[in-house]
Every structure is written in structure tokens, then in C-alpha cells.
Protein chains: 2
Amino acid sequence: MTIDPDLDKLFYSLLTKDDLSGYEDPKKFKEWIPKIEAYRQKIDDSVPQELKTELPNSFEKLKADQFNAMKYLYDQKLLSLHEFEITDCPGTLIVQKIATGQWSSVEVFQAFAKRAVLAHQFTNCAVEFFIDEGLARAKELDEYYATHNATVGPLHGLPISLKEHISLKGRIGHSGIVSLLDNTADKDAVTATILHNLGAVFYVRTNEPHALLPLDTGNNITGFTKCPFNLLLSSGGSSSGEGANIAYGGSVLGVGSDIGGSIRSPAAFSGCHGLRPSSRRISARGLVGEGGGQESVVGVLGPLSRTIEDIDLFMKSYINEGKPWLLDPWSLPIPWRNVPNPNLSNLKIAVVKDDGVCRVTPPIRRGLTEVVERLKSAGVEIVEFVPKNGRLAYDVATQLSNCDGNRALREAFSASGEPLPRLTKWYLNLGEGAREFTVSENRKLNSIRDGLREEYSDYLIENKIDFLLGPAYNNVAPKEEEVYNESYTLIYNLLDFPSLVFQTGLFQDPKVDVWQKEDLNYEYRSGMEELENRGYDPNQFIGAPIALQLSGRRYCDEEVVAASKVIVNFLGVDLLKRQKD
Amino acid sequence: MTIDPDLDKLFYSLLTKDDLSGYEDPKKFKEWIPKIEAYRQKIDDSVPQELKTELPNSFEKLKADQFNAMKYLYDQKLLSLHEFEITDCPGTLIVQKIATGQWSSVEVFQAFAKRAVLAHQFTNCAVEFFIDEGLARAKELDEYYATHNATVGPLHGLPISLKEHISLKGRIGHSGIVSLLDNTADKDAVTATILHNLGAVFYVRTNEPHALLPLDTGNNITGFTKCPFNLLLSSGGSSSGEGANIAYGGSVLGVGSDIGGSIRSPAAFSGCHGLRPSSRRISARGLVGEGGGQESVVGVLGPLSRTIEDIDLFMKSYINEGKPWLLDPWSLPIPWRNVPNPNLSNLKIAVVKDDGVCRVTPPIRRGLTEVVERLKSAGVEIVEFVPKNGRLAYDVATQLSNCDGNRALREAFSASGEPLPRLTKWYLNLGEGAREFTVSENRKLNSIRDGLREEYSDYLIENKIDFLLGPAYNNVAPKEEEVYNESYTLIYNLLDFPSLVFQTGLFQDPKVDVWQKEDLNYEYRSGMEELENRGYDPNQFIGAPIALQLSGRRYCDEEVVAASKVIVNFLGVDLLKRQKD
């Protein structure tokens, strides 16, 4: 880590609410080290040697060089032409090709397995490979197809990766917490069951930050995951491994989870698309640790992928054919509606340039400006939305996040005495830190949240606004352990608005994306904003993807996905096109 | 009150968790008495003299005589033949007759207004009449119809009553709490807005118990509401006035609310049907006091009526045409599905005879046995469900009900120093009484609740069971201030299962409904059960309606309503038929 000492000092000065004493215990932790080492060894052992490539340099050197692993993949042709053809094919087309006998599930699987291994070599995205089992499953699907001349379901033969805390029977579930290395799942999560029944092939589970807390990567078990476009940068979190693996092309679709931005941040930082659906559409039954009865801000599961069409395929298949409400009483029986693609000239979009919490950096400002100008040129009616309660929303959401004083988490940390990552400390100091709220206090915050939901909903409906468009984060992918603000994503968890992070096709450019003269006298609204803004040195974010976020009203997920499809296509963004060039 | 002194002693011995000191203040309360008297006077003044009848005796005498006001209504022909024709016509037919010009909204309204006034005279069901405004609204609807030759919506001209805490602009909203007599609503509740837009006519608001707490009636402002079939008995609560008014025929449909049984208890006790829908289908935005951020057990609004078809009409019109999600972000955009009426011989129903908390009294036992035998004869597959966690569910639900220590309520009580009704004291002693839980404790209870939801859901799905059938309460309508147990309804609030209370057409018969020999050595499982069971003297519940409850899985409201329709019709229950005899 090379954090500016001044900023590091500022960072520690802001940690005033939870002194964190008593969590860490080096002596106790020592006893866990063999278990961690065994776990790491198991990952290494699970990667077939023949699928690996030789890294062009030491990992530390690649990081320092801001190495672009995506470019290297294509420049060096690390896959065969046919493997590129398969792994750069949209999932919607792959299932068609398998369903019509043009491709076998096995050949599709093998191509993705190879690419996933490469993704892991460059980004450290995986916590577990089980390629033999994936292969056996792919064979089984091919046999089924041969026998029945039909697929088992709409995802027949589709390689799908899963965030680690989505339980798989007989496998460890740790959520990045050392003391949970002893925790083995006794059954599959409902979402894994559904995807399996629809025809998915599992073979890789992906990395998360410590306790899934920050919009960053890294834990004491498996370390950090990197942005494939710039290995100096974070892949985002908490679905860190999903972001990197999907952006790199290691699977067609990945399942992440999001309670403050954890699907959207990895999608934005790593370079793919990701949808945080409205709550209770994708089942969260059977996750490691589960929600634990927390319902003020509901965590959701959702898909990441390289095309919006695949996100649509996932949602439609999962909901309409998977019928999660038959396996989880929390899942809502709301069918995925067929929504026609909107005509851009009929859309009215409210743009959020600043959320009142944290100023965006130059590349994000440029990305938003360029996209808005393009949309205007296509006839979209653009209005500006200045959130008058952005700060209130952030405060309420962060208080709600920690209002149980993170009691259960702290117990889990103490159980191993593991050292607390920098951002875990940050997270535990949000809201009121370790103070445990009373039920009345929690309800009061819920009421404010409900008032904000009404304010936003009423605003959109009364002004006939279709969507909100804004940043996914105030910066492009940050350096590891330097992501502090989650206000741009967290607001939509608080509101329970479906939000889709999409790639703009733009990338950070150190020559262009510099602070302007008028930025220099800017007065920071908080220490956090100062940390975030001062950490932006244009030369350290070279080529980072620029993403934006489109949000709609609660349960208008279908409209958000349809509009994103149209916008992304209009912008000419094609995350699969590099192979075709 | 004539409560058995022994039982009264037992009652007070059970109040050990909240000593209630400091809430009551006779001196302070004295200052509120003029306001209460003015409120009562306003109710009296709002009743047009010409609509009133002369009571056949003093109210106290009628109570002591267990007077049957329903029988009296028909025997004495308190309405004209045409008024009976109108007010005993199902709502589904009334809207057709108005829509085809056979009846005017005004004539329909006037008949119901008259019947509602009679309902109030016998049962004390109303807290406010505004018959002039109702008439003006009916005229407006007739004019619209004359001009456009069309209705404004599917409820055009339908007289609908509203529970008092559903806000109406410019009117007091008190929820039975004295200190809220100063509280005037600044806008209509969303549900009132929707019903108005669909064509409803409002003219009466109905009574509630103190702070909506018990499944009984009565408060310090407007007193008790009585069961129209036996004026000694309670009309149930907390939608007390709705139960009595609807059963008596004072409106076509009534809107109640239910967080522990408050729609179903008044339906069961008063003699009509009532649906507690799954959560978030009918908007609760804009209620007096609202939910206040409580979401562990979610309060819902729902309809009461004399036909299941009208419940269906209400739900379908409200949801599909009212689109509550456009006015309330909490409302789910789940359309009301058209579900065909099931064939009884295809149904599998699990019967709950005892919930593990409180033994049912003889009339309920008889009602359940007779209905089950009839259903068996129609080919329904019946299995018995013995809830293994009934007591746990009750304990969790009552703890969740009071886990904020009822802090806000206690403040509201103290503000006027009003004397606390007997059952308010009971309610405040449920769970852990005044102890305020921490957020962690609340979440732990939520987790147990979620486990119970999974247990019940999985049981139904894995065993292909369509519905649960059981008591709505362990007794028929109790005497006022003697309803303690809510386990039979509360469980479905905890599970968030749609539950419909329907009349069986059977009534308590003191000659038949007596404890049997084998009942006499029964060992009570709790003091509450003893209170409930020992309070049953067959001679004091003469002619009370016997109701049952049909419940289905979360968001299977449509199936529950469709099956209830078929069952009620099969049983030959017709709450409108008296007029036709």
C-alpha cells in the first residue's frame, strides 16, 4: 500500500466511534494461519496446470505498471480463436447455439473454464475452482440433450460463477471472515438450486472483501482482487471476484449480492454491467450468515455480465421459470414482465451530477457529461435532479447499517483474533459505530427512510420522470483499501430502487481527466469527501473503465433493464467486441 | 362489566411485566372530558333524526337480554322492502345495477345510510357520520353517469365504510386515544383516495378499541361496539365498528386493518367475512400514527363484507385499477390474478384443531368438525396439522409486538392521563411488556420468524397442501373486555399468510355447545388459556356466529378468496338471505 501519509492520517482521525480494541489478537490468530494456508493451497491445487499461462512479470510489478490484463489477453491471444468465439459470445446466443446442437455444453464449458483460470491468475478473483465437477455437469447436460433432444431449461449449459457466500452444499462458506473457515454448508442456497435446475454449470466461486463490508476487495484469507483493466486498481466489492471474473470473461453470468453497492461497484470498477434488482425478487435464502433478521435495508442478489441482454435472460429465466417463491417465502411472486425496448426520444431522465455527499472526480464528470450529451442528441428529455436530502439519506443508511453495533460481526472477528483490514475499521466506524440502537431508534430511522422513499417516488411520478441517471461511485476504480464513500449506490438500497450499472465504453485518460482550475478552491463538505477527492491522482487510474448507473422506481426492474439495453446499444458499448476487432 | 371475580384476580396476577404506573392521571384527564363530550355530541348531532328508530328497550337492558339486533331488524321491518332489496344486494350486483341505470347512486346511498344509522343505534359502531357529504357525492356520481353514460370506475356508487384511523382530510384521527382528539389529518390516506377514485361513497367512519390494541372494542372516547347478533357480546377488534356495521348491513364493504387479527376478529365475532391480505397489497400510507417504521410484523389493510364475491371485487378493483404502487412506494405491483374457482374434490386442506396455545370452546369445536365433515363429503382431502411451534410463534409474535416497549403509545397515553382500559393493560404486558429491546434482539426474533415462515411454507409445498383451515379465535364473540388470546390470528400476521375469516352459517347453541366430560380434567397450558376457557359459560353466548379461517401461502390471496367463495357457497352460507326469506 502506498497511501499518501497525510491522507492516512486524516483517515485515522475520522475513526472516532469504534476504537476496535479487543477484536484483534495476534496470538490467537497464529493458530488460524495453518488453516488459511491450507485453504490457499487448495485453491492453487484446484487450478489445472494445463489451463494456466505464464505471467509476463511478477504480480507486484504488474500492479506497479498498471498492467492491462484485458489488452494482454487479446494481444497475446491467450485463447484459441474458437475459445474466443465462445467466450465472447453473449449468453443469449450461447444457449441458442447449445439448444440447436451447434455447440456442446462441454466445449462451451471448457472455453470458459480456461478463461476463468486466466482471470484468476491476473486478478485473484477465485476462492475455489471445481472444474472436474463442472465438466461432469456439462457432460450430463449434453447427454440429456442427446437423449431428449431438448434442454433442461433456459440456461442449459451456461457457465455461471457464484459469489462465495452463496452456499453450496459441502463447501466452506466464510464471507471473507477467518473464523468461518470451519463453516461448511449443509445445503445449496435457493438461488444455486434454481440456477442449477435451469441448466447452469458451476465451476468457480469468487472472492469477497472481509465480511463483505466495503466496496473494495481483500480479506485475510485470499487477499485482494484486481481490476482487469488496471491491476493497480480494485475490482470493487463486495462481489469483488464476480466483477473481475465477469469483466475478464471467465463466465457468462455471475451472481453477486448488494446491500450498499456490492453488485454495482464491482461491475463499475471491473468493467462489466451489473443489476441490483428490487428486493425479494432473487432469493437470498441460504446465504452464509444470511440477513440475520435485518430488514431496514434489505440485501439483494443479482446478476453481473458483459451484455444487458444476458442480465435480462438471467432475470427472466430465474423468475418466470425458476419461481423462487416456491422455495423461499420471502421471494415475491412478481413475474418478470416483457417490456418493449423504449424509444430514446420518449424518455425523460433526471440526471444526478452531485449527490450532496461527495464530489465526483474528473473522469466520472466527463463520462456523465458525454453520455448526457449523446442522450440529448437522441432526443432524451434531460432534467437535473439535485437531491435535497442526499446527506440525510447517507446518514440514515449508514446508521441503519451499523445500528446493531455490528455485534454478530465483532464476535465473528474476535473468534479468530484476525487483524482487521483498514476498510473494516472504516466500516465499523460508519453511522454511530459500535453503539447498539434501541428498537425505537431503529424504527425512527425506518420512518425517515420511508419518507425518503415517498419523496423520491412522488418526485418521479409527479414529474413523469422515467429514470435517474448518475455516477455509480464518485470515482473510477480506486486503489485497494482506498474506497470510502458508498453514497452513490447506497441511496438506491435505502430507496429499494432497481439500479443498473452499465459501462459507457469510456476509460480514464490521464491527459484529459484532471482537476480543473475551478476545482482547486473547492471546499470539502466532509473529511470523507476530502479523502476521496484528494486520493485522485490522474496518473494512477490509467485506463480505468467509466461506468454510470441507471435507476428506476421500485419494481420497475424490467423498465430499467430495457432502457439500459437501448442506451448501451445507442452508445455503441460492446464489451464482447474486442475479440471481433 | 360482570367478570367472574376469580378470573379477574387471575387476570391481574398475570400482569407482571409493566406496572403501568404513571400513565394514568385523573386530574389531567379531567381537562380532556369536555373535548370527549363535544366529540360524542358531534356524533349524535351528525345522525339525521328521521333515519333513527326507537330502541325497544334501554341499551343496558338489551345487552342483558343478549338482544339479537339482526333478527329485530327483519322482524320489525325497520327498512322498507326496497331498502332491504338494496341493502341485501351483493356489491357485485349493486355496481351492475347502477352501471346499467337500474338504480341510482343516490337511492343506493340513502338505503345504506339509513341502515348504517340503525347499525350504530344498536351496536355503537360509528365515530362519525357525514351523510350530507355522502349524498352530495352520490349525486355527483349520478350526474357523471347521466352526462357520460359511463361510470367513474368499478366501485361507482358503492357505499363503503372506513375504520377511523384511515385518514380523511380535515377530520380528526385518534385511533381511540384521547390525546389524539387534537389530531386533524391534512390529507386523505392513499387507500381512501384510491377508493374514491374508483367511485366509492364515504359517509361513515367506524369505531376502534383503545389504540387499536386488543381484538375487542372500546375506548374512553366512544365506548364499546357490540355484536349485532347478541348485544352482550363484543363485535371484535380492532376494526370493531367495521365488523358490526358490515354484519348489520350498514355498508357494502368496509375497510379494516389487521396486525394481529384486527380484520378477522371483528368479521368472526360480528357475523361477516373479512380478508387479511398479504402485506403491501393494500396501501397503508397515510394512516393515523402509521406503522412508525415497524416492519417485523407488518400491519395490513383489507376488506370486510357479507359476500366473498365483494371481497374479490374490492381486491381486484383496488389493485388492478387503483394501482396503489403509483401512490405508495411500499405497495407491491402484484396484479390481482383471475383465479378460477377450484373444484372442492381437487383440494387438500390441513386442519388446525388446536394451535398449541389455547383450547377452543365447544361451539368452535362443533363448527370446525361440522365444516370439515361437509368438506370431506365434497371430496376435499383433509389432513390434520398439529403446529409443533405454535407456542414459539405466539411468543415471538407477542414479543415483537411490544419490543419497542410501546414507548410511543405510552407517551400518547400519558399526554391525556386517560384511564387505561383493562385490555390495554393486558396488551402492554404481552411479550416482555415495557422492556425495550435492542436492535440485535429484534433481529434475532425476526430470524426465528423467518424460520417459521420457511417451516410453514415448506410444509405446505412439500405436502401439496392448498390451505390451512382452523378457528379464527378459540371462542365465539367474547364478552366485552374478556378477549385475551390472539394466537389463532396472530400466527398468520407473523407468517404473512393471506387469511380469510368466513361465516359457517352456524351459531352458538347453549344446549349443544357445552363442555364435555373429557374437557373437565383438562390441564391448562397457561394462565391465559385458563382465563379464556373458564370464561366460556354456554348461556352467555347465545346465537353468536361461528366463523372459521382459511389461510394460504404468502401472496396466494387470490387462491384463498376463490376457495373461500366455493366453500361458503357449498356450505350454503348466505348472509344476505334473511331479506329474501
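This is a predicted model: local features need pLDDT of at least 70, side-chain atom pairs count only at pLDDT 80 or more; totals for chains, interfaces and linings use all residues.

**Where the chains meet**

I began with the interface: chain B and chain A bury about 3500 Å² between them, 49% of it on carbon and sulfur atoms. Buried area here is the accessible area (1.4 Å probe) that two parts lose on being put together, summed over both.

Residues are numbered from 1 along each chain as its sequence is written, chains are lettered from A and ligands numbered from 1 in the order in which they are written, and side-chain values use heavy atoms, with hydrogens and water left out.

How many residues of each chain are in contact across the interface? I found 36 residues of chain B touching 36 residues of chain A, with contact meaning heavy atoms within 4.5 Å.

For polar contacts (a pair of N or O atoms within 3.5 Å; within protein, one must be able to donate a hydrogen and the other to accept it, and residues adjacent in sequence count only if both atoms are side-chain atoms), the count between chain B and chain A is 24 residue pairs, both at pLDDT 80 or more. I then asked which element gives the largest share of chain B's side, and helix 17 (residues 439-462) of chain B supplies 13 residues. Helices (H or I, at least four residues) and strands (E, at least two) are DSSP runs, numbered from the N terminus.

**Charged pairs**

I searched for salt bridges, a side-chain nitrogen of Lys or Arg within 4 Å of a carboxyl oxygen of Asp or Glu. The structure holds 84 of them over all chains, and eight cross the interface of chain B and chain A. One I looked up joins Arg285(B) to Asp458(A), the closest N and O atoms being 2.8 Å apart.

Within chain A, Lys226(A) and Glu480(A) pair at 2.7 Å, N to O. The two are 254 residues apart, with Lys226(A) in strand 4 (residues 226-227) and Glu480(A) in the loop between strand 11 (467-471) and helix 18 (487-495). Are these two buried or exposed? Lys226(A) counts as buried because its relative accessibility is 1%, and Glu480(A) counts as buried at 11%; buried means under 20% relative accessible area, exposed over 50%, partly exposed in between (1.4 Å probe, protein chains only).

In chain B, Asp519(B) and Arg359(B) form a salt bridge at 3.7 Å between the closest N and O atoms. The partners lie 160 residues apart. Asp519(B) is buried, with a relative accessible area of 7%, and Arg359(B) is buried at 7%.

I also logged a salt-bridge network linking Arg281(A), Arg337(A), Asp557(A), Glu558(A) and Glu559(A).

**Nonpolar cores**

My last search was for nonpolar cores, sets of buried Ala, Val, Leu, Ile, Met, Phe, Trp, Tyr and Cys residues joined through side-chain atoms within 4.5 Å. The largest has 94 residues, and those with the most contacts inside it include Leu73(B), Phe122(B) and Trp426(B). Helix 18 (residues 487-495) of chain B gives this core its largest share, six residues. Apart from that core lies another of 93 residues, among them Met70(A), Ile364(A), Tyr459(A) and Leu490(A).
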